[in-house]
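Have the viewer open as you read.

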Amino acid sequence: MTIRVLLVDDQPLLRTGFRLILEAENDITVVGEAGNGSTAQDQSRALLPDVVLMDIRMPGVDGIDATRRIVRDAAPGAHVPRVLVLTTFDLDEYIVEALRAGASGFLLKDVPPDELVQAIRVVAAGDAIVAPSVTRRLLDKFAARLPSAHQQATPARVHRLTERELEVLRLIAKGMSNAEIAAELVVSETTVKTHVGNVLTKLALRDRVQAVVLAYETGLITPGAIP
């Protein structure tokens, strides 16, 4: 199966470099390019990429707004690309907003070519490329600046979780892997995978990264409370 990628960056030279790296792989093809967020939204609708490699800082419609439009404005049941955002700094406050907008993770622009390729494959497979522990550190650093970080009431959908599913959500937010959660709860990894799947489905979340973000916004995890 070929992974269809849309490149979004306001610097043509960077887009060319990414294209050369990705098209050297047998299972990846670049279906289009965009120099700004508005064009990216149009290209996403027209080309239906599996993954959008999105620069976060662009003039006009930036990567955050473009991510939000691509991920959240899709019609029910329609194809929704996975968005992987690019940044210059690993502790960029815009990353937090991008994750909340629906991105599946982030990469540094100077990422080695093999890691870029692997990230594309991981995201296309439905996983998040940002380790939850990294996401947690980002949120710890910037949550105080996010206008909605401590102002949102607990969404009604959180109350759909069973006590065990709520416990699993808290452990996901602590950055634990399935194996670590299994050891903590003294259950099998298969059982943990089932619980994680139920949590994501009931909360309408795309992946574990979004679960960490929601845990912060609903007060299940307090910024700075976890070492």
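Of the 227 residues of the protein, 47% count as buried, where buried means under 20% relative accessible area, exposed over 50% and partly exposed in between, with a 1.4 Å probe and protein chains only. This is a predicted model, in which local features need pLDDT of at least 70 and side-chain atom pairs count only at pLDDT 80 or more, while totals for chains, interfaces and linings use all residues. Residues are numbered from 1 along each chain as its sequence is written, and side-chain values use heavy atoms, with hydrogens and water left out.

The protein has 10 helices and 5 strands; these are DSSP runs numbered from the N terminus, with helices (H or I) of at least four residues and strands (E) of at least two.

**The annotated aspartate**

An unreviewed UniProt entry lists D55 as "modified residue: 4-aspartylphosphate"; such annotations may be inferred rather than shown by experiment. You will find D55 in strand 3 (residues 51–55). Is D55 buried or exposed? D55 is buried, with a relative accessible area of 2%. Leaving aside residues up to four places away in sequence, D55 touches V8, D9, D10, G63, L86 and K109, a contact being heavy atoms within 4.5 Å.

**Two helix pairs**

Axes are lines fitted to C-alpha atoms, for helices over the stretch in contact, and angles run from 0 to 180 degrees between N-to-C directions.

| Helix pair | Angle | Axis distance |
|---|---|---|
| Helix 7 (residues 163–173) and helix 9 (residues 189–202) | about 90° | 9 Å |
| Helix 8 and helix 9 | roughly 110° | within 9 Å |

Helix 7 is therefore roughly perpendicular to helix 9, a label for angles of 65 to 115 degrees. Their contact brings together R164, E165, V168, L169 and I172 of helix 7 with H195, V196, N198, V199 and K202 of helix 9.

Helix 8 and helix 9 are also roughly perpendicular to each other. Here N178, A179, I181 and A182 of helix 8 meet E189, V192, K193 and V196 of helix 9.

**The nonpolar cores**

A nonpolar core is a set of buried Ala, Val, Leu, Ile, Met, Phe, Trp, Tyr and Cys residues joined through side-chain atoms within 4.5 Å. The largest one has 24 residues, of which L169, I172, I181 and L203 touch the most other members. Helix 7, helix 8 (178–185), helix 9 and helix 10 (208–217) each give two or more residues to this core, and helix 7 supplies the largest share, 6 residues. Apart from it lies another core of 23 residues, including I56, V61, A103 and F106.

Key:
Parallel < 35°, antiparallel > 145°, perpendicular 65-115°, else oblique.
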